[in-house]
Amino acid sequence: MSNQPDPTVTASPKCPFHPKPTENYAGGGTTNRDWWPHELRLDLLNQHSSRSNPLGADFNYREEFKKLDFHALKGDIRALLTESQSWWPADWGSYVGLFIRMAWHGAGTYRSVDGRGGSGRGQQRFSPVNSWPDNVSLDKARRLLWPVKQKYGQKISWADLYILAGNVALENSSFRTFGYGAGREDVWEPDLDVDWGSEKTWLAHRHPEELAHQPLGATEMGLIYVNPEGPEASGDPLSAAPAIRATFGNMGMDDEETVALIAGGHTLGKTHGAAPGTHLGPEPAAAGIELQGLGWVNNFGSGSGPDAITSGLEVIWSQTPVQWSNNFFENLFKYEWVQTRSPGGAIQFEAKDGPEIIPDPFDPNKKRKPTMLVTDITLRLDPDYEKISRRFLNDPQEFNEAFARAWFKLTHRDMGPKSRYLGPEVPAEDLIWQDPLPAPVHNPTQEDITALKTAIAGAGLPVSSLVSVAWASASTFRGGDKRGGANGARLALLPQSEWEINAGTVHVLPILKSIQQASGKASLADVIVLAGVVGLEQAAAAAGLQLDVPFTPGRVDALQEQTDIESVNLLEPQADGFRNYHKDSQGASTEELLIDKAQKLTLTIPEMTVLIGGLRVLGANFDGSQHGVFTDRVGVLSNDFFINLLDMGTEWKPLDGNNTLFEGRDRESGAVKYTATRADLIFGSHSVLRAVAEVYASEDAREKFAHDFVAAWSRVMNLDRFDIA
């Protein structure tokens with residue numbers, strides 16, 4: 001990693017809206033990132049801190065939501081749907097299509113491969129998402145909703161309101177939705193951790209095979225899913241099939257769910273392409289300050305209504321575009337489709353010799369021929385999609401059910417377990433993608449917990465095994481979609497029991513299971529976490545410290561049939577610097593993948609640092625290796641990792657050509673003292689991480705290190721305990 005300035009980066013220019021050079025204001029001038037563009041992104045661990053939250057530490061959204069008059073809120077949204085505003089007139093006098101698109105595009109950024117994106121934090125308000133080419137005019141939808149948000153204030157988050165508005169729009173079109181769960185809490189700044197792609201231009205194409213190896217949702221930069229004109233605007237419906245499968249597959253959708261979502265989303269509303277996109281001004285993030293966060297000012301005709309431009313396509317799928325129907329499939333199979341172009345110049349299809357049966361959105365005396373997107377025709381031409389589409393054509397009720405369930409999954413996929421859902425419309429049914437858990441059957445007393453700890457301690461397992469098994473169980477948690485964690489004891493089930501990273505850990509499970517069964521007082525999930533507690537207390541005692549590691553019982557054990565193996569497999573870490581595991585670089589360095597893992601675990605910089613130091617001296621490497629184990633007292637909760645890492649008596653040199661494995665020798669004798677990976681040495685080389693490491697390496701840090709480690713450890717163990725949050 002070069003420490004030299006990037007020759008392609010120039011100093012910041014003078015700001016055109018400010019009389020002084022940008023170097024003269026706070027945060028201006030050439031930044032560290034300009035000079036060292038590859039510097040490790042520690043800011044990913046600082047995002048969404050309390051300092052950006054205007055509601056304060058005492059605000060509890062779940063409690064505020066309980067004060068909400070939910071039915072009155074839905075009534076206000078229903079009324080809004082048909083209150084056409086002169087500054088943004090509604091198609092057919094209804095905002096049904098616009099609000100469905102807003103909800104869809106808010107949720108549609110979710111990627112099941114890394115759990116990031118989605119609607120759960122209200123990110124549609126911020127760049128880059130609020131300024132993507134695929135989100136043209138959704139700035140207007142959010143402004144239309146503002147009076148409702150203003151009325152109900154903090155009792156409803158923007159994130160919840162976007163999805164609820166989509167649901168109400170569907171219901172207003174006479175569609176019966178599957179249900180709705182609230183509980184999405186807003187954040188107050190853009191996500192920094194989501195990899196939207198490395199492309200430098202909008203609509204740069206990604207081939208479907210690329211998406212199989214990257215956590216990217218869309219096939220082109222700035223889209224939610226695929227290019228509606230086909231890959232690279234080819235106009236070829238069949239070539240779009242692999243792209244559709246890749247991008248919907250990245251959301252965990254199968255072929256049936258994909259067909260249902262595309263058809264259902266295109267049953268209502270329209271696209272907008274009255275003229276070429278050259279008539280649009282800059283997106284919100286680049287628009288002038290006087291536009292107050294709006295963008296895409298349209299200088300064609302009136303700029304709105306019949307002259308609106310979004311995608312550049314001009315397609316209406318149904319004869320009843322604000323009322324639910326089966327018209328999409330009826331029209332798809334009824335007509336012969338020929339390629340044409342919209343008034344905006346975009347490729348689309350029109351029914352050859354089709355009758356003019358589609359109502360114009362603003363002229364009641366005008367009718368149009370049926371039209372389709374290139375990617376709509378894919379559902380007829382691709383053999384697998386065609387079978388599903390014909391089934392839905394012949395059985396509209398099956399289509400309705402499939403869309404209702406797929407829409408619910410789309411809009412709730414990143415919310416985590418059903419226990420987090422709020423409101424009167426939460427469906428009773430448990431769905432496999434929600435990682436369901438059985439009802440609790442154990443309620444251990446303090447006496448039971450003490451007896452279990454005694455039994456675990458008497459099993460003769462080393463500290464490293466006790467700590468490793470608890471960490472392996474809990475550290476699967478992902479903050480993005482609230483999946484994974486220790487609750488459920490899925491470490492003992494497929495697929496986690498066969499993951500490479502767990503090969504040195506799962507041998508402990510039969511011992512713990514026998515202890516759990518003999519006691520009958522607690523779940524295996526609790527016993528696994530309790531094993532970590534016993535290990536830490538033993539390690540602290542060996543360091544001369546008396547620590548009571550916190551433990552809150554109440555976890556349950558999932559069944560194998562409650563575990564979606566394919567979906568859970570996406571939780572398997574390709575790298576886990578906390579256990580010195582690195583399976584697949586994905587083009588990133590070891591230390592970058594460590595930050596990625598720490599961010600998924602919602603850790604701060606100090607928490608990440610102290611956990612690394614503690615796990616190393618406790619011997620928790622996934623394969624039992626000595627990399628980073630900078631101590632001769634393995635199993636003792638000491639700050640030796642930091643003391644020895646920062647010792648200038650050790651000289652480090654790489655052992656391989658990739659600079660991934662290192663050897664530390666005594667500067668005087670030349671004797672080998674330690675080996676290390678980049679996940680170890682980064683805490684001495686990176687200036688910010690070194691500053692934190694110095695705190696824990698100090699003479700007065702022995703007790704602070706132990707207490708901080710236990711606090712960070714306990715937080716990880718409870719990340720998925722939404723019942724005690």
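Q: How many aromatic pairs does a search of the whole structure find?
A: The search finds 36 aromatic pairs. Note that this is a predicted model.

Q: What is the geometry of the Trp132 and Trp196 pair?
A: The ring centres are 4.9 Å apart and the planes are at 85°, so the pair is edge-to-face.

Q: And where do Trp132 and Trp196 lie?
A: Trp132 is in the loop between α4 and α5, and Trp196 is in the loop between α6 and α7, so the pair ties together parts that are 64 residues apart in sequence.

Q: Buried or exposed, Trp132 and Trp196?
A: Both are buried.

Q: Which residues do ring pairs link into a cluster?
A: Members of the cluster include Trp104, Phe175, Tyr225, Phe248 and Trp324.

Q: Which ring does Arg245 lie over?
A: Arg245 lies over the face of Tyr385, 4.1 Å from the ring centre. Elsewhere, Arg420 has its charged end over the ring of Phe722, at 5.4 Å from the centre.

Q: Switching to the sheet, what is the strand order?
A: The order is β8-β9-β10, in an open sheet of 3 strands with antiparallel pairing. β8 and β10 are at the edges with a single partner strand each, so one side of each has no neighbour in the sheet.

Q: How many bridges are there between β9 and β10?
A: There are 5 bridges. In one of the strands, β10, Tyr674 is the bridge partner of Gly664.

Q: What does α22 lie across?
A: α22 lies across β8, β9 and β10, and runs at about 100° to β10.

Q: Which residues of α23 are buried?
A: Leu689, Val692, Ala693 and Tyr696 are buried. They cover an arc of only 100° around the axis, which puts them on the same side of α23. Their cover includes α20, α21, α22 and α24.

Methods: Residues are numbered from 1 along each chain as its sequence is written. This is a predicted model: local features need pLDDT of at least 70, side-chain atom pairs count only at pLDDT 80 or more; totals for chains, interfaces and linings use all residues. Side-chain values use heavy atoms; hydrogens and water are left out. Buried means under 20% relative accessible area, exposed over 50%, partly exposed in between (1.4 Å probe, protein chains only). Helices (H or I, at least four residues) and strands (E, at least two) are DSSP runs, numbered from the N terminus. The arc is that of the directions from the helix axis to the C-beta atoms. Contact means heavy atoms within 4.5 Å. Two strands pair if DSSP finds at least two bridges between them. Axes are lines fitted to C-alpha atoms, for helices over the stretch in contact, and angles run from 0 to 180 degrees between N-to-C directions. Rings of Phe, Tyr and Trp (its six-membered ring) pair if their centres lie within 6.5 Å; planes under 30 degrees apart count as stacked, over 60 as edge-to-face and the rest as tilted. A charge sits over a ring if NZ of Lys or CZ of Arg is within 6 Å of the ring centre and within 35 degrees of the ring normal.
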